[in-house]
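Here's a quick tour of how this chain packs on the inside. Have a look at the model first, then read on.

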Amino acid sequence: MEKEKENFTIGLNFLQKIAYYLLYGIVYVISILPDFILHGLSYLIYLILFKLVRYRVDLVRKNLADSFPEKSASELKRIEKDFQHFFCDYIVETIQQTSMSEEEMKRRVKYTGMDHVNHLLEEGKDVILYIGHYGNWEWITGFNLYIQGKARLGQIYHILNSPVINALM
């Protein structure tokens, strides 16, 4: 879903703004690639992050072993590999949303029960919805496509260490 980006650079210094616009341009170009290329990119990211760089491999293994002591070594390995592929898909899906149309967002994400929410809003009642953090929380940006009328939507998240990446998110 295309986003208004003009206000996201407030607070960035000159070099950070240059980095932001360069990175945004790269992300945008990647986001318009066909799905089959993006799936290949996800696999390439997997190979680089987890096979070459070994990004947090030991930490994930320890956390899985601590969380699932009843699982065998082979089951833990399968869970680890599934997580790694999921993580790379998550990165690519987040990039993909940069240029995603409203129609495509609605095709990929469906919210049920919105008629009830919209009815309460039409009556002038306040509605607070909480969702769990499962999967790619960036998909919640399409939630406003299902709300009729006037409503304020917000997300709570932890600010990232990099101001440039934080601005992109």
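The largest nonpolar core has 11 residues: Met100, Met105, Val109, Met114, Val117, Trp139, Ile140, Phe143, Leu145, Tyr146 and Ile147. A nonpolar core here is a set of buried Ala, Val, Leu, Ile, Met, Phe, Trp, Tyr and Cys residues joined through side-chain atoms within 4.5 Å, and buried means under 20% relative accessible area (1.4 Å probe, protein chains only). This is a predicted model, where local features need pLDDT of at least 70, side-chain atom pairs count only at pLDDT 80 or more, and totals for chains, interfaces and linings use all residues. Residues are numbered from 1 along each chain as its sequence is written, and side-chain values use heavy atoms, with hydrogens and water left out.

There's also a second, separate core of eight residues, including Leu38, Tyr46, Leu49 and Val57.

Here are two residues with their contacts (heavy atoms within 4.5 Å), skipping neighbours up to four places away in sequence.

| Residue | Contacts |
|---|---|
| Val117 | Val127, Leu129, Ile147 |
| Gln84 | Tyr46, Phe50, Val57 |

Gln84 sits in helix α4 (residues 73–96); helices are DSSP runs of H or I, at least four residues, numbered from the N terminus. With a relative accessible area of 5%, Gln84 counts as buried.

What about helix α2 (residues 35–52) and α4? Their axes, lines fitted to C-alpha atoms over the stretch in contact, come within 9 Å and cross at roughly 130°. Among the residues making the contact are Tyr46 and Phe50 of α2 and Gln84 of α4.

Notes
Helices (H or I, at least four residues) and strands (E, at least two) are DSSP runs, numbered from the N terminus. Buried means under 20% relative accessible area, exposed over 50%, partly exposed in between (1.4 Å probe, protein chains only). Axes are lines fitted to C-alpha atoms, for helices over the stretch in contact, and angles run from 0 to 180 degrees between N-to-C directions.
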